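Open the model in your viewer and keep the selection tool ready. We will go stop by stop.

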Amino acid sequence: MHGALFVAKTGLSAQDTSLKVISNNLANVSTVGFKKDRAVFEDLLYQIRRQPGAQSAEASQLPSGLQVGSGVKTVGTQKMHQNGDLEITDQPFDVAINGRGFFQVTQPNGDIGYTRNGQFHLSANNELVTAEGYLVDPAITLPAEVTSFTVAVDGVVTVTTAGSTASTQIGQIQLADFVNPSGLQAIGQNLFIETAASGAPALNNPGDAGSGILKQGALETSNVNAVEELVTMITTQRAYEMNSKVISTADEMLSFVTQQL
């Protein structure tokens, strides 16, 4: 069987995966705090038919040898954690991170999740929660009859209640930072969880130790560039077509051999 068929098959599979990654990026172009992915590829094993550097004569060596590749495979998808643009919403419970770091969220099983989505809400118990109802960690509970809610750039949360003009501090928002944010595992719902690749989180107040600062009344938009993704999609489509052409050509060569012999 013609080896080019199998090589082209791996190319088709790789470009198919690339298109899935692009489609997921475009589907989340309006998702708050979303970080785009990119597919990572590597070439497969080589058949070494003539070893580079092998002796071709007593006083000479092969300069390059003969190495035939076996195709390509997808080895991973990498999250690109560049900051998205900040969109002003003027909603008091919308908080954006300008810089590095993640909000901490308590999941239903008690584990901590990490998110860049600062589109918070109030629960029936006056607690600050995500859209899924997960508590922000450390927990922030508002007192009754709040007339103003303020989040400072350093994460200090203060409120003013009815009948009072003085502000009262009720909590401190902390940010978690990682040595390798791309190593975090995405689990959906705008959440990530810690892995061995990401390293342990370093907890800091916003603005400390390289962490970003907070911006109340704003949200971080998706960092997906729709034009860039469309260009990448065209490139992927052309690569898919070229691999399909290889299969067609190999099929024609095999057909010629079977008809002529």
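Which order do the strands of the open sheet of three strands have? Select β14, β15 and β16: that is the order, and the pairing is antiparallel. Strands here are DSSP runs of E with at least two residues, helices are runs of H or I with at least four, and both are numbered from the N terminus. Two strands pair if DSSP finds at least two bridges between them.

Before going on, note that this is a predicted model: local features need pLDDT of at least 70, side-chain atom pairs count only at pLDDT 80 or more, and totals for chains, interfaces and linings use all residues. Residues are numbered from 1 along each chain as its sequence is written, and side-chain values use heavy atoms, with hydrogens and water left out.

**Stop 1: the sheet**

Stay with the open sheet of three strands, ordered β14-β15-β16. β14 (146-151) and β16 (168-172) are at the edges; each has a single partner strand, so one side of each lacks a neighbour in the sheet. On average, neighbouring strands of this sheet are turned by 25° against each other, direction ignored. Now select β14 and β15 (residues 156-161). They pair in the antiparallel sense over five bridges. Pick Ser148: its bridge partner in β15 is Thr160.

**Stop 2: a hairpin**

Select β18 (residues 185-188) and β19 (residues 191-193). These strands pair in the antiparallel sense over three bridges. Gly188 has Leu191 in β19 as its bridge partner. β18 and β19 form a hairpin with two residues between them. In the turn, Gln189 has a positive phi of about 60°.

**Stop 3: two backbone spots**

Most residues other than glycine have a negative phi, and most peptide bonds are trans. Go to Asn126, in the loop between β11 (121-122) and β12 (128-129). Its phi is positive, near 65°. Next, select Asp137 and Pro138. A cis peptide bond joins them, with omega about -5°. Pro138 is in the loop between β13 (135-137) and β14.

**Stop 4: two helices**

Select α1 (residues 3-27) and α2 (residues 226-260). Their axes come within 9 Å and cross at roughly 160°. Axes are lines fitted to C-alpha atoms, for helices over the stretch in contact, and angles run from 0 to 180 degrees between N-to-C directions. The contact of α1 with α2 has 16 nonpolar, eight polar and three charged residues. Ala, Val, Leu, Ile, Met, Phe, Trp, Tyr, Cys and Pro count as nonpolar, Asp, Glu, Lys and Arg as charged, and the others, Gly among them, as polar.

**Stop 5: the largest pocket**

Select Asp37, Arg38, Ala39, Glu229 and Thr232. Of the 15 residues lining the largest pocket, these are the closest to its centre. A pocket is found on a 1 Å grid over the protein atoms alone: it is an open set of points where a 1.4 Å probe fits, with protein on both sides within 12 Å along at least five of seven lines, and lining residues have an atom within 4 Å of a point. Which element gives the most to this lining? α1 does, with five residues. By class, the lining has five nonpolar, five polar and five charged residues.
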